[in-house]
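Let's take a friendly walk through this structure together. Have the sequence and the 3D view at hand as you read.

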Amino acid sequence: MNHPSQHAQGLDALLSQDPSAQDYFSHLPGYIQQTLRDSGNIITTEEELRRTAENMMECI
């Protein structure tokens with residue numbers, strides 16, 4: 001089973017390595033940013049980040 005910190009590391013690594021993903025993430029509402037960090041999803045690409053954020057915004 002993956003540890004929650006591994007999920008954050010995937011997102012943190014993406015944000016530190018991809019300026020476009022960082023820009024997109026920084027413009028998301030704070031509650032979506034926190035939900036992404038807490039979600040348990042391993043996000044490693046900007047496409048996954050956008051898809052996951054859009055799904056969350058549709059559900060909230």
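Predicted model: local features only at pLDDT ≥ 70, side-chain atom pairs only at ≥ 80, totals over all residues.

Glu 46 itself sits in helix 4. Is this residue buried or exposed? Its relative accessibility is 16%, and buried means under 20%, so Glu 46 counts as buried.

Now widen the view to the helices around this residue. Helix 2 covers residues 19–26 and helix 4 covers residues 46–59; their axes come within 10 Å and cross at roughly 15°. Angles under 35 degrees count as roughly parallel, and helix 2 and helix 4 are therefore roughly parallel to each other. The crossing of helix 2 past helix 4 is left-handed.

Which residues make this contact? From helix 2 come Ser 20, Ala 21, Tyr 24 and Phe 25, and they meet Glu 46, Leu 49, Arg 50, Ala 53, Glu 54 and Met 57 of helix 4.

Finally, turn to helix 3, residues 30–38, where Ile 32, Gln 33 and Leu 36 are buried. Looking down the axis of helix 3, you will find its buried residues within an arc of 105°, so they line one face of the helix. Just after helix 3 comes Gly 40, with a positive phi of about 90°.

Notes: Residues numbered from 1 in each chain as written. Heavy atoms only, no water. Axes fitted to C-alpha atoms, helices over the stretch in contact; angles between N-to-C directions. Helix = DSSP H or I, 4+ residues; strand = E, 2+ residues; numbered from the N terminus. Parallel < 35°, antiparallel > 145°, perpendicular 65-115°, else oblique. Left-handed = near helix turned anticlockwise from the far one by under 90°. Contact = heavy atoms within 4.5 Å. Buried < 20%, exposed > 50% of the residue type's maximum accessible area, 1.4 Å probe, protein only. Arc of directions from axis to C-beta.
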